Amino acid sequence: MNAQKKTDIPCPICGSGDFQVLYADTLGDRLPDFGYDFSPSHRLSFRTVRCEHCGHGYSSPLPADIYANYIDVEDAEYIRNREQRLMTAEKVLSVIRRLKPSGKLLDVGCATGDFLDAARKNYAAQGLELSTWAANIAAATGVRIHRQRLSEMQADEQYDIVTLWGVIEHFETPRKEIAEINRLLKTGGLLCLWTGDLDSWIARLLGKRWWYVQGQHIQMFTMGSLEKLMQESGFVRKKMERYPYVMSLRSIAKSLGRYKALGALARLLLDNRLWGDVRITLKLPGEMFGIFEKVAPAVKV
Ligand SMILES: [Zn+2]
């Protein structure tokens, strides 16, 4: 796969061609890492711009067909954090269950299927995953995994809930993908998602060192650009709060590894035999957990 880039992309949310450059391209001819090993190359990214009209952040220009890169993704590091993802899933599901206690659920970008494992206790749960490696692991638990793109999903209006956990920032054309999700949802169905907020103080403070700045993240939403996209795609907001993320002290130390001095301090204080496995629930600024209800079909895009 070569990383040949196209020309400037108009804003995927409002269509404007006016933008300011937020962060320069650090990838050059390379493609980004599509895993979570937090190696130094993981931080390299495409040029990130911010729309002057709606404030949405996005990568531009981009090489053609980003999704083709996900087929071969394998990520051993991802497996290690399974326990904390299951605990996070339980917290998120307790919120969703209050709005819709049962029904048919599709987790888009389900990776190795941890959320599905938790969700299947209450829902008829299915996943969609492009990585062959991850889809095989998820399917081994007996849950149905669709190994195809959203645009290739056949049946309309069959799901009560569609979930996107850390996925919408990977979408190449978010307006099209959200329209496909609208098509798959029943009227009154819920779209539940988690993504970063480019307008949050932490994103502003950290700038290009904000943890969402990674080559594989090509959309950077704000509450405003997310709301605009959802409203114009036939959804109304039911809930917007901070995403509850369960992490062990050891994995917090690992995640902070991208910040040199802070990372060293965190390793010293957090990653040890006595309390490295202690888990805490983080509700960090800039981590949006939104639930939207489908009220109308999406306009064809
Ligand atoms: Zn815009």
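Two residues are in contact when they have heavy atoms within 4.5 Å of each other. In this predicted model, 74% of the contacts between residues at least 6 apart in sequence join residues at least 24 apart.

**Overall form**

- The protein has nine helices and 13 strands.
- Its radius of gyration is 19 Å, close to the 19 Å that the globule rule gives for 301 residues, so the protein is as compact as a globular protein of that length.
- Along the principal axes, the C-alpha atoms fill a box of roughly 50 × 45 × 35 Å.
- Of the 301 residues, 54% count as buried.
- The accessible surface is about 13,800 Å², and carbon and sulfur atoms account for 53% of that area.

**Aromatic rings**

- Rings count as a pair if their centres lie within 6.5 Å, and by this rule there are nine aromatic pairs.
- Tyr243 and Tyr245 form a tilted pair, because their ring planes stand at 50°, with the centres 6.0 Å apart.
- Tyr243 counts as buried because its relative accessibility is 6%, whereas Tyr245, at 26%, counts as partly exposed.
- Tyr243 also pairs with Phe289: the centres are 6.0 Å apart and the planes are at 85°, so this pair is edge-to-face.
- This second pair links distant parts of the chain, 46 residues apart: Tyr243 is in the loop between β10 (235-242) and β11 (245-248), and Phe289 is in strand β13 (residues 287-294).
- Both Tyr243 and Phe289 are buried.
- Ring pairs join Tyr243, Tyr245 and Phe289 with Phe115, Trp165 and Trp194 in a cluster.

**A charge over a ring**

- The charged end of Lys104 sits over the ring of Tyr159, 5.2 Å from the ring centre.

Notes: Residues numbered from 1 in each chain as written. Predicted model: local features only at pLDDT ≥ 70, side-chain atom pairs only at ≥ 80, totals over all residues. Heavy atoms only, no water. Phe/Tyr/Trp six-rings, centres within 6.5 Å; stacked < 30°, edge-to-face > 60°. Buried < 20%, exposed > 50% of the residue type's maximum accessible area, 1.4 Å probe, protein only. Helix = DSSP H or I, 4+ residues; strand = E, 2+ residues; numbered from the N terminus. Lys NZ or Arg CZ within 6 Å of the ring centre and 35° of its normal. Rg over C-alpha atoms; globule rule 2.2 N^0.38 Å. Areas by Shrake-Rupley, 256 points an atom, 1.4 Å probe, with all protein chains shown as cover.
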